Amino acid sequence: MHLLELIGVTKRFGGLVAINKIDMKVNEGEFLGVVGPNGSGKTTLFNLINGVYFPDEGKILFNGKDITRLAPYRRAPLGIGRTFQIPRPFLSATVLENVAVGAMFGRMGSDLNIDGAFEIADQVINRLNFQNLRDKIASNLTPIEKKMMEIARALAMKPLLLLMDEAMAGMHPGSINEMVSFLKQVAVEEKIAVVSMVEHIMRAVVEMAERVVVLHQGSIIVDAPTKDALTDPKVIEVYLGKASEE
Amino acid sequence: MKSPLRGGCFLKGMHGMIGNQILGNLLQGVILGTVYGMATMGLSLIFGVLKVVNVGHGAFIMVGAYCALLFFNSLGLNPIFALPVAFFLGGILGLFFYYSAMQRLLKAPELSTLLATFSIGVLLEEVVKLIFGSEFRGYNWMVDKVDLGLTIIPYSKIYAFLGSILIALALYIWFNKTRAGSAVRSVVEDEEGARVCGVNVRSTYAFSFALGIAITVLSGVLLTMFIPVGINPYMGGGYTLKAFVIAVLGGLASPYGAFFGGLVFGLIENGSYTIFALIPGVEPFALTRFFSFVILLLILLLRPEGILSKR
Amino acid sequence: MKRANLLMVGVLALFLILGSVSISYAISKIVIGHPACLSGKYAKAGEQAIGGIKACINWVNDVYGGVKLNGKKVPLEYKYYDCESKKEVVTSLTGRLITVDRVNVVFAPYSSGLTLRGAPIAESHKMLYMDHGGANDKIFAQGFRYVVQTIGPASRYHEGTLDMIHKIDPSAKRVALAYEDSEFAKRVMEGAEKHAKALGFKIVFKRTYPKGVTDLTPLLSALKATRPDFILGGGHFEDGQLFTRQMADLDINVKALSLIASATLPAFYEALTVLAEGVMGPSHWEYGVKYSKAEAQKLGLPWIGPSQDEFVSLFKKAVGKDMIPDYHAAEAGAQVLAYIMAVERANSVDLDKVRAELGKLKFMSFYGGWDIDDTGLQVGHSMVDVQWQGGKRIIVWPEEAQTGKLYYPMPTFKEKAQGKKAIP
Amino acid sequence: MKQKYYPYIPVLLAYIVLFLIGKGVSGMWQLMSMLFFYCALGQAFNIFLGMTGYVDFGYVAFLGVGTYGMAITISKLSHIQGYGVLIIIAGFFLSMFMATLLSLAVGAVALRLRGAYFAIATIGVNEGFRFLIEGAKIWNGSEGIIFMSDLNRVIGSKTASSLCTFWADVFVVIIALLAAFVTLIYMRSKIGYALMALREDEDAAKVMGINVTKYKIIAFITSACFAGLLGASAWALKTPYVFPPEVFEIHYTVEAIIIVLLGGAGTLLGPIVGGLVYGLSKYYLSVIIPGFQLLIFAPIVIIIIILFPEGIIGMIKKGTKGKWIKRYIIY
């Protein structure tokens, strides 16, 4: 059985189709890269998976459970975590509190009391080793620090599936590698399936992902193990098409 | 309540008298509604652009009313002459309050902006009270009336009616045909987009706020042409509440929506009275107010984008 | 040491002697306490009331020579604080006046609400509580024993007007009632309705409009359809202007229009100018009323206090500016007179004796008649009716107070627009 | 575990000190009772306004129905003899019940809306409710209820007046303390963190697994309950009459907003500080320059909003994040 399964999912906005009859599977603990140029429907896809939008057609299964029309706040406890393209921390709270909120209402939330949540938050912060930021107020963080904090917040939710929207964008290569290796390590230990979404094919994804799904204009054009995917003519075409813009 | 009135009504027959009354009231409602609509466009414009609800809206209407009052009583001038002055004064007030306060609150939470605009309103009220005192003032512009059979309408009301339409029309043209106008429109529709298209959003903010206040003060003059009495520093509160209902009717963020919202509101308030008056043992007038707020809630729930907009 | 003891003995002895002669001589002054509205929304009325009270106290002390008590003349004193027109403040100040300042009587603050706020404290401390600013009859249905009213109750505001029309124009039968939907105006409306029915008038219209209304057109067009002979209404300051104005707009012409609260104020004429011609309004008292000693003798009532002109000059002295007193001042002043009369008749400041005398008391002053029923409600004071005639306020009713003849019927709005004045 | 409740100590002390001043210094009780009212108002409103960031412009409606709850109970049950205290208690319960009912109704409707739309909707509810009472002549319509005589009959005039002059204020203090305590409990529980999250970013909060609607309604109802009780004691018991225009006066809502903002929205100590600052400045301004209070006050409020949006306690709190003083005193 797959952890996540999308069956013929379609989402329209007014006239135009954002996601077009997508079928997609994610297995437990696997690393999946979702690649696609701007406007290819990646963010919409994430929003469908964690319930910000409901699909117009198709089904979404999580652990075999139909979550197609489940409210977002009921999905997180099932184990769907997420980070945003532009980080959305709770600005007035400290980093620790932010992360703790993740733990409180995440998969373990129901059987965690406040103190428990804060313990988990502490653990996560220590693992990502930014104890120095622990008591800083989120609004005083740098963009990168915010991203880090968001990843920590998502991990504190103890997710089975972690959706990462442009997680490494803007980080300098050193810390990207750090991050990637760290994520891999955690993912393996805690059996987290990571779906990382990026606009451009970059080393990080290649290193991280075992499989890549390439989105183009709302539909999947390629779904293959990373190496094959990257050499696939369709993909190259899409990205050559984009090349001019860069 | 067995007041002989109701007996009388029924004897005279519902259809005849009551019917004419409703029609007469609706006619009055259209005229008043148009002025109300005009008096709400500023609120909607400011919300549309700055996403700020001007809780002090009524105070600016009050300022306009005093303009008309002074023009008539002190200078002996026909209130129509007060219109440009009120517009100008409003613009200045708008710029002043934008740069002194609103500019710093654009990204602030509702809590701050609502309280700030409310305080601005209070400040205006108190200043006016300090200058002119808290007496209820008024002016008596002697004009003729037209008897339409159903009801009688003095010309002053008709001027206010036509004035409102003309100004609304002018705004419409300005919005759609001029560059500045379309800049404002683009910010209302999609601020990010507008920025990308090279619209100077900040100056558009300042400009729209000033314009919004200006037409609000202007509408104050028009309102006194409709009701030239009861002018006092605290007259604004009632209009603020009306303006909210009207703005929501029109979709809150759309000035013309507000204009037509005003029409609808006028019809509701005047039309429903005669109906409620048929219910024994109630105070129909208060019920018309209640009714208008029920409609406010319904629209907020069912069609927050306003009754006129097509989804 | 020794000297001190001697002194003490002496003092004690002195007290004993004095005490044995008579205790009642202990009273050296009578104090009136008042949680007044100096600031806040009733500041205007408050200033007037204080002026009126001071004026009458000065009259009592300087002209009248003090309050006669056991053959001695005892001076009156006045102790007041500012209650800021806030209900939160009235409570404590009333308590303070009674417990700390030990006054002999408390005059209530302005408005029914604030009067109600102080009443329970006065009642619980067994203190006489005189109401010159709370017109709501319901105050006297609360079972207070020591609350006494000088201001006429709201229910009687329009009785005079109805009597007048009943007398001068038997043909006018159709009356329309349109009042503000407020605690006070509602009382006036009920009273007017009762009295109108009693006099055989036909009520063809009876409606209210909410506070702060900005357009009366729907109500007025309904009213117009009932073709009344005259209209009674009003409630506050602004609505009266609106009412008259929109009557003019809709060209509703009646023989008489009487509005409470607003119509007697100068602002009313300033706002409406000629449209206000002939409009009437009831008032508790207006400068120019003709109540006099002679008048009192004619009616067989005892007379006390200054003449009207004396009162006005005393008032101006008291407030220290050239201001004409209005009815707030007059009723507060009259209340002082009522109290000292009761004290003199009781020949004591003992609460129950004074209250009993107040119950029996019936007199006339510059303010007019004064008489309460056994609940403490004012029934002896009839209001005057004022009419705008050529921009002046003329008292047209009751006849004994008249300063001019009534102009009746009121000119039509068309005539007014052409500059016709309501001068008989 | 115990130290969880240390921040409550300063709150408790503050009210005790105020109480002692009121009792001790003659003529001070009235000023204190006014301050009690403002503090309690802020404390109660803070639970919703402060913790969710939603601006309920119709908040006073809950005090209004609370006042009516007490008024109705006393005037309807006054014929029963010898159950005085019980009737008062029943009054409190009815007030709470009515406030809860109204808050449920309003919550179901308005809490679907956000930001400005919510604010406008709540204004609509407040005004609409008032006009319904007046128009449909519910509870005597505009004439209101004057129930002094009933109160006298229920508990005797002596007790009644000590109720009006002293005990009503004591109830207010108790309500304030309760509200503060509940605030602290919420802050130290998941509710508090959920509210913080939805105040900062409602959509993110949803994605984080927070049932925002549930927590909003919890805060809304709690806050409304305290408002109801406050109306019952500070208005109904202190002045045994109720007139619709007085109890639905929107300016009380604005005062409450100012108090919360002044002290620091969403802080435990904020409402007290806000209430004291607001109450005292208002009181002394009206003594020094009667009639001009607002003229001075309005610009001050604007300046505060611009310069100190977090309020007094909010600023201190920010400065002391993670320090012991914050954990125990400033909360």
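The model is predicted: local features need pLDDT of at least 70, side-chain atom pairs count only at pLDDT 80 or more, and totals for chains, interfaces and linings use all residues. Residues are numbered from 1 along each chain as its sequence is written, while chains are lettered from A and ligands numbered from 1 in the order in which they are written.

**Chains**

- Among the 4 pairs of chains that touch, chains B and D have the most contacts. Two residues are in contact if their C-beta atoms, placed from the backbone, lie within 7 Å.
- Chains A and B do not touch, and their nearest C-alpha atoms are 10 Å apart.
- Chains A and C share no contact either; their closest C-alpha atoms lie 38 Å apart.

**Helix pair in chain B**

- Helix H4 (residues 82-100) of chain B packs against helix H9 (residues 201-226) of chain B at about 140 degrees, with the axes 7 Å apart. That angle makes H4(B) oblique to H9(B).
- Helices (H or I, at least four residues) and strands (E, at least two) are DSSP runs, numbered from the N terminus.
- Axes are lines fitted to C-alpha atoms, for helices over the stretch in contact, and angles run from 0 to 180 degrees between N-to-C directions.
- Angles under 35 degrees count as roughly parallel, over 145 as roughly antiparallel, 65 to 115 as roughly perpendicular and the rest as oblique.
- Residues of H4(B) in the contact include B:Phe87, B:Gly91 and B:Tyr98; those of H9(B) include B:Phe209, B:Gly212 and B:Val221.
- The contact of H4(B) with H9(B) has 17 nonpolar, 6 polar and no charged residues. Ala, Val, Leu, Ile, Met, Phe, Trp, Tyr, Cys and Pro count as nonpolar, Asp, Glu, Lys and Arg as charged, and the others, Gly among them, as polar.

**Domains of chain C**

- An automatic or database domain assignment supplies the bounds. For chain C it gives domain 1 (27-152 + 288-371) and domain 2 (156-283 + 383-417).
- The C-alpha centres of the two domains of chain C lie 30 Å apart.
- In chain C, 11 residues of domain 1 contact 12 residues of domain 2. The domain 1 side has 4 nonpolar, 4 polar and 3 charged residues.

**A:Gly29**

- A:Gly29 sits in the loop between strand S2 (16-26) and strand S3 (31-35) of chain A.
- A:Gly29 counts as partly exposed because it has 17 C-beta neighbours inside 10 Å. The cut-offs are 20 or more for buried and 12 or fewer for exposed, with partly exposed in between; C-beta atoms are placed from the backbone.
- Beyond its neighbours within four places in sequence, A:Gly29 contacts A:Ala187, A:Lys191, A:Ile192 and A:Ala193.
- The C-alpha atoms of A:Gly29 and A:Glu189 are separated by 9.2 Å, at 160 residues apart along the chain.
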